[in-house]
Amino acid sequence: MKERIEAILKEIEELKCKKEQEIEEARVRLLGKKGEITRLFEDFRTVAPEQKREFGQKLNALKNAAAAKIEELRNAVGEQGAAAAAFDVTKPGDSLPLGSRHPVSIAREEIVEIFRKFGYDVAEGPEVEDDWHVFEALNFPPEHPAREMQDTFFVTDNEQKNPILLRTHTSCVQVRCMETMKLPIRVVCPGRVFRNEAISARAHCIFHQVEGLYIDENVTFADMKQAILLFAREMFGPETSIRMRPSYFPFTEPSAEVDVSCNICHGKGCNICKGTGWLEILGCGMVDPNVLEASGIDSRKYSGFAFGMGVERIAMLKWQVKDLRNYFENDLRFLKEFETSI
Ligand code: PHE
């Protein structure tokens with residue numbers, strides 16, 4: 001009898017039932033009219049009188065353990081049932097917060113898209129470049145200040161021949177296009193550029209440019225002016241005014257800088273436009289014949305224009321961002337403002 005009691009105790013301990021029906025079956029098997037424990041109670045009659053006390057206690061403990069276990073299992077199944085009933089599978093799911101594209105990406109794509117509509121292809125090139133593509137082929141004389149350490153991050157020693165550096169503008173991509181593409185060429189080159197400049201509300205050592213190049217027979221300054229005017233109108237709306245000022249770039253002759261009216265202060269003057277009411281967004285000019293020749297293009301047959309703009313600047317004007325540093329700090333409060341612009 002002792003062994004049978006112990007075996008049933010063990011069985012109770014290990015009992016695992018997941019369904020109500022299984023629990024009921026276990027209850028009948030153990031405590032039912034013909035159950036194992038009930039039968040033990042019947043056998044108890046035959047136990048010797050001196051052992052009755054010991055086995056009586058054991059049997060009662062066994063019966064209580066079985067009842068407690070059944071109760072415990074029933075509770076567990078009941079809780080699960082209640083939880084399942086509380087879970088409404090027909091309810092709509094929780095909505096996931098939607099991310100947004102970075103304002104610089106949105107602006108870059110918008111610029112590129114405008115020029116794509118004008119028939120320009122898109123070209124990209126390496127960020128780590130050589131001196132030839134960034135300076136030499138673009139007609140920078142060896143002593144030009146832009147080659148100095150203040151402006152350029154050099155990767156290799158800048159005293160050596162054709163040093164490696166981080167590109168300071170994407171004009172180097174245009175050089176690569178002139179070297180490899182068939183004429184006529186009409187490309188825009190979006191990309192990240194690097195300059196060793198102090199970080200402020202208007203400048204950063206990393207920023208983005210979109211530069212463009214158009215080379216064909218009989219391309220004139222008037223064509224360039226028209227392209228830039230159309231671009232400015234597409235980008236900022238027909239009411240935005242632009243102005244062109246004579247300027248200098250080693251790779252273009254003549255050169256100009258293009259300003260757009262500052263729509264942060266509407267011409268009144270603010271810290272972004274330094275009180276002038278105008279924001280410089282773009283440099284441009286007719287490609288210098290030396291540049292065409294350096295890339296193997298016949299400058300007597302072909303002419304062209306080039307332009308380059310800062311994407312952060314354009315985005316600043318478009319969305320009235322007052323501080324360039326916002327673009328690089330990944331502050332969600334700033335980035336979330338562009339959620340609807342996806
Ligand atoms: N590469 C010039 C810059 O980074 C911009 C530019 C491009 C000017 C093409 C003229 C023509 O400032």
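Strands, named E and at least two residues long, are DSSP runs numbered from the N terminus. Proline 254 lies in one of these, strand E7. The model described here is a predicted one.

## Backbone details

Start with proline 254. A cis peptide bond joins glutamate 253 to this proline. Its omega is about -5 degrees. Strand E7 itself covers residues 252-261.

Another cis bond runs from leucine 183 to proline 184. Here omega is near -5 degrees. Proline 184 sits in a loop, with H7 on one side and strand E4 (185-194) on the other.

Asparagine 139 has a positive phi, near 70 degrees, although the residue is not a glycine. Asparagine 139 belongs to the loop between helix H6 (131-134) and strand E3 (164-166).

## Helix packing

Two packed helices are described by the angle between their axes and the distance between the axes.

| Helix pair | Angle | Axis distance |
|---|---|---|
| H1 (2-14) and H3 (36-43) | about 160 degrees | 11 Å |
| H1 and H4 (49-86) | roughly 15 degrees | within 10 Å |
| H5 (103-117) and H10 | roughly 100 degrees | within 9 Å |

How are H1 and H3 oriented to each other? Angles over 145 degrees count as roughly antiparallel. The axes of H1 and H3 make an angle of about 160 degrees, so the two helices are roughly antiparallel. H1 passes H3 in a left-handed crossing. On the H1 side, the contact is made by Arg4, Ile5, Ile8 and Glu11. H3 brings Glu36, Ile37, Leu40 and Asp43. By class, this contact has 4 nonpolar and 4 charged residues, with no polar ones.

H1 also packs on H4, where the axes cross at roughly 15 degrees. That makes H1 roughly parallel to H4. The crossing of H1 and H4 is left-handed. H1 takes part through Lys2, Ile5, Ile8, Leu9, Ile12 and Glu13. H4 answers with Phe55, Lys58, Leu59, Leu62, Ala65, Ala66 and Lys69. The contact of H1 with H4 holds 9 nonpolar and 4 charged residues, and no polar ones.

Which way do H5 and H10 lie to each other? Angles of 65 to 115 degrees count as roughly perpendicular. H5 and H10 cross at roughly 100 degrees, and they are therefore roughly perpendicular. From H5, the contact draws on Pro103, Val104, Ile106, Ala107, Arg108, Glu110 and Ile111. From H10 come Val311, Glu312, Ile314, Ala315, Lys318 and Trp319. The residues of this contact divide into 9 nonpolar, no polar and 4 charged.

## Pockets

Helix H10 leads on to the pockets. H10 (311-319) is one of the elements that each supply at least two residues to the lining of the largest pocket. The others are helix H7 (171-180) and strands E5 (206-216), E7 (252-261), E8 (278-287) and E9 (303-310). Which element gives the largest share of this lining? Strand E8 does, with 7 residues.

The largest pocket has a volume of about 980 Å³. Its lining consists of 42 residues. Nearest the centre lie Arg195, Phe207, Gln209, Phe249 and Glu280. By class, the lining has 21 nonpolar, 12 polar and 9 charged residues.

The second largest pocket has a volume of about 210 Å³. It is lined by 14 residues. Asp131, Pro142, Arg147, Phe154 and Asn158 lie nearest the centre of this pocket. How do the lining residues of the second largest pocket divide by class? There are 4 nonpolar, 4 polar and 6 charged residues.

Note on methods: Residues are numbered from 1 along each chain as its sequence is written. This is a predicted model: local features need pLDDT of at least 70, side-chain atom pairs count only at pLDDT 80 or more; totals for chains, interfaces and linings use all residues. Side-chain values use heavy atoms; hydrogens and water are left out. Axes are lines fitted to C-alpha atoms, for helices over the stretch in contact, and angles run from 0 to 180 degrees between N-to-C directions. Helices (H or I, at least four residues) and strands (E, at least two) are DSSP runs, numbered from the N terminus. Angles under 35 degrees count as roughly parallel, over 145 as roughly antiparallel, 65 to 115 as roughly perpendicular and the rest as oblique. A crossing is left-handed if the near helix is turned anticlockwise from the far one by less than a right angle, and right-handed if clockwise. Contact means heavy atoms within 4.5 Å. Ala, Val, Leu, Ile, Met, Phe, Trp, Tyr, Cys and Pro count as nonpolar, Asp, Glu, Lys and Arg as charged, and the others, Gly among them, as polar. On a 1 Å grid over the protein atoms alone, a cavity is a set of points where a 1.4 Å probe fits but cannot get out, and a pocket is an open set with protein on both sides within 12 Å along at least five of seven lines; lining residues have an atom within 4 Å of a point. Grid points are joined across faces, edges and corners, and a volume is the space filled by probe spheres set on the points.
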